Amino acid sequence: MKNTIKMIIVLTVLGLLSGAALVFIYRYASPLIAQNQKDETEKAIYKIFPEGKNYDTRIIGEDSVYKVKDKNGKLLGYAFPASGNGYQGQIDMLVGIQPDLATLAGIEVLDSQETPGLGQEITTEKFENQFKGLKVSPSISYVKNQKPQNPNEIEAITGATVSSKAVVTILNERIAKIKKDLNK
Amino acid sequence: MIKDFIKGLWRENPILVQVLGMCPTLAVSTKAVFGFSMGLATTFVLISSSVTVALIKKLVPHEVRIATFTVIIATFVTCADYFLKANFYSISKALGPYVPLIVVNCIILGRAEVFASKQNVARSFLDALGMGCGFTLVLIVLGSIRELLGSGTIFNYAILGKGFEHWVVMALPAGAFITLGFLVGLFNWINQKWQR
Amino acid sequence: MNDPKPYLSPGPHIFGNQETPRMVRDVIIALMPAVAVSIYFFRIRAFLLIVISMAACVGAEAAIQFLMKRKIRITDGSAVVTGILFAMIIPPALPLWMAALGSFVAIGIAKELFGGLGSNIFNPALLGRAFLMAAFPTFMTAWNAPITLDAVTGATPLGLVKFSHNLDISYLNLFLGNVSGCIGETSAAALLLGAGYLFLRKTIDWRIPLSYLGTVAIISFITEKASPGTYAGPAFHLLAGGVIIGAFFMATDPVTSPVTKAGRWIFGIGCGLITMVIRLWGGLPEGVMYSILLMNGLTPILNRITRPKRYGT
């Protein structure tokens with residue numbers, strides 16, 4: 001009986017101490033983490049829109065859309081996060097689209113767990129640059145082992161069709177939704 | 001006393017001899033810097049939990065010791081995870097779920113159960129430090145070999161020139177198994193030479 | 001050599017020592033037509049790759065046996081066979097040092113580290129190729145047209161059928177080997193000539209090639225009938241890619257294939273099934289290498305479960 005009480009006391013005290021420690025570290029870390037995430041988004045936005053100087057955040061439903069403007073306040077386009085399933089894990093991207101909602105300004109892969117050397121090539125400039133000026137209508141598609149013929153086509157990475165296809169699918173789905181949201 | 005430290009580096013090396021903690025070993029040793037950060041995070045958790053366990057071992061009833069160890073380890077792991085996220089965001093992202101997964105690393109619970117719950121604070125500290133350093137060293141070596149062959153760099157410094165063709169396999173899990181196999185083989189070979 | 005030893009036991013048993021050189025000689029002779037045709041179609045590239053692979057295999061064998069303080073047995077010629085077989089299944093444009101590295105993996109890792117001749121689980125040449133495939137996927141899938149050696153990306157007959165549904169096939173070229181592909185696998189005619197020699201000499205057993213090729217033929221027959229526009233027929237699937245070199249020269253490797261008759265049937269059918277599943281529904285155009293390697297891994301189990309009951313037990 002005495003031992004049981006001791007067990008309860010030890011575990012309770014330990015739990016309380018551990019909880020207190022976690023509260024402390026959380027209060028220290030969470031603003032920094034939020035800042036890191038904001039920095040990351042900001043960096044990606046200005047990478048897609050090099051002339052961008054500031055942006056407004058608009059929340060539509062659960063998604064954020066960033067209206068990016070240049071130094072004269074002219075609208076450069078919209079940036080918005082897009083994510084979905086890749087070959088091995090989730091792919092998180094930031095997508096930039098021009099104000100006409102028909103041409104991509106670029107994409108930036110923020111987070112992915114694709115196969116190194118193959119699928120992970122989606123994070124390279126070479127792959128991402130293919131999306132600059134890409135037409136999104138009727139939808140983005142990909143070709144294999146040849147140069148793209150049409151303005152809405154990209155070339156899939158050799159040996160990593162699944163990852164390339166995943167990026168295209170995520171983009172198409174997300175762009176269709178963003179068009180609806182922004183036209184509301 | 002010094003033996004408690006040294007043994008983790010070589011004779012009882014957690015990876016090469018005990019073959020513990022294989023999940024982070026194989027998963028995050030793609031680059032030297034990831035191996036190094038993973039090793040440091042693990043060492044931090046290992047030392048903190050071993051010292052804590054050694055400090056409170058007399059207060060903890062035998063029946064709930066594993067639960068107690070787990071709570072202690074989980075607390076330190078969460079601290080390490082938040083710290084990395086707050087200050088080394090890109091490394092934390094690259095390590096992904098493997099930092100929170102330190103909590104199930106057998107090396108840590110193993111040292112708490114086998115060593116720290118029976119020894120004094122100073123010896124537990126040295127033991128944890130030795131084990132952590134041994135773990136970190138092997139991760140760095142593994143990460144360096146895989147990074148060198150997989151991307152031609154070590155700690156992101158270009159070693160092999162631009163003409164070097166990357167061995168994709170080294171960045172894949174298969175490369176981790178092959179490299180670790182060779183490392184263990186080399187280790188045993190050196191040990192045999194020594195014993196003669 | 002045709003039938004296994006009178007007693008059967010699990011685990012690969014290499015045939016008597018004095019038999020190895022004869023078998024090695026037979027296989028080398030049998031490969032000569034394919035070597036000649038590959039040099040005709042892929043010119044200097046094929047020649048260099050074959051020479052480098054052979055030299056690297058023999059060198060690796062000598063070096064590892066020396067380091068591991070084993071008896072140096074490069075004169076038995078098995079490393080030469082591995083070298084030629086390995087060269088037959090790599091693309092013509094592969095850089096020479098990659099071929100040397102692959103040969104080293106084939107002999108050093110797949111063969112010697114597993115215990116040397118007779119103890120290896122996986123076919124050394126195929127494991128060397130699998131390593132290169134994982135390490136340098138872009139180089140291992142870059143093809144050249146025969147004779148002119150022009151680069152034609154992704155355009156082996158199998159790739160064309162799979163990814164472009166281009167069913168306009170010249171069966172004569174496919175049979176002679178006048179198509180892009182790995183240097184020694186393209187010519188069905190030359191390989192069949194060699195295989196015929198091996199059968200005459202009773203060096204290889206007929207069960208594995210028959211069950212392998214039979215399974216490929218049956219599956220491709222059914223799938224072509226089911227949807228003629230998308231899938232090619234049995235003639236194509238038997239002649240294209242590495243099925244023929246795989247079925248006659250790789251899957252029949254006595255060390256890495258089962259010793260029992262029933263085991264050999266299962267082995268061949270398994271190879272055929274996996275090959276066709278990868279070819280028709282997998283992410284790659286060709287599945288011969290992985291099919292044989294996977295079945296190599298099952299060989300010890302096949303030997304055990306197909307072992308005849310001992311009398312009286």
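Colleague: In this predicted model, how many residues of chain C are in contact with residues of chain B?

Modeller: A reading of an interface can begin with a count of residues on each side, and here 11 residues of chain C touch eight residues of chain B. The two chains bury about 760 Å² between them, with 82% of that area on carbon and sulfur atoms. On the side of chain C, Phe131(C), Ala134(C) and Ala135(C) lose the most area to chain B, together 41% of what that side buries.

Colleague: How many salt bridges and how many residue pairs in polar contact are there between chain C and chain B?

Modeller: The count of salt bridges is zero, while two residue pairs are in polar contact, both at pLDDT 80 or more. Helices α3 (96-112), α4 (124-135) and α5 (137-140) of chain C each supply at least two residues of the side that touches chain B, and α3(C) gives the most, with four residues. By class, that side of chain C has 11 nonpolar, no polar and no charged residues.

Colleague: Which residues have the most contacts inside the largest nonpolar core?

Modeller: The general idea is that in soluble globular proteins nonpolar side chains tend to be buried together. In this case the largest nonpolar core has 77 residues, and Trp167(B), Phe131(C) and Phe249(C) are among those with the most contacts inside it. Helix α1 (residues 19-67) of chain C contributes the largest share of this core, 11 residues. Leaving aside neighbours within four places in sequence, Trp167(B) is in contact with residues including Leu149(B), Trp97(C), Phe131(C) and Ala135(C).

Colleague: Is Asp81(B) buried or exposed?

Modeller: Asp81(B), which lies in helix α4 (residues 65-87) of chain B, counts as buried because its relative accessible area is 12%, under the 20% cut-off.

Key
Residues are numbered from 1 along each chain as its sequence is written. Chains are lettered from A and ligands numbered from 1 in the order in which they are written. This is a predicted model: local features need pLDDT of at least 70, side-chain atom pairs count only at pLDDT 80 or more; totals for chains, interfaces and linings use all residues. Side-chain values use heavy atoms; hydrogens and water are left out. Buried means under 20% relative accessible area, exposed over 50%, partly exposed in between (1.4 Å probe, protein chains only). A nonpolar core is a set of buried Ala, Val, Leu, Ile, Met, Phe, Trp, Tyr and Cys residues joined through side-chain atoms within 4.5 Å. Contact means heavy atoms within 4.5 Å. Buried area is the accessible area (1.4 Å probe) that two parts lose on being put together, summed over both. A salt bridge is a side-chain nitrogen of Lys or Arg within 4 Å of a carboxyl oxygen of Asp or Glu. A polar contact is a pair of N or O atoms within 3.5 Å; within protein, one must be able to donate a hydrogen and the other to accept it, and residues adjacent in sequence count only if both atoms are side-chain atoms. Ala, Val, Leu, Ile, Met, Phe, Trp, Tyr, Cys and Pro count as nonpolar, Asp, Glu, Lys and Arg as charged, and the others, Gly among them, as polar.
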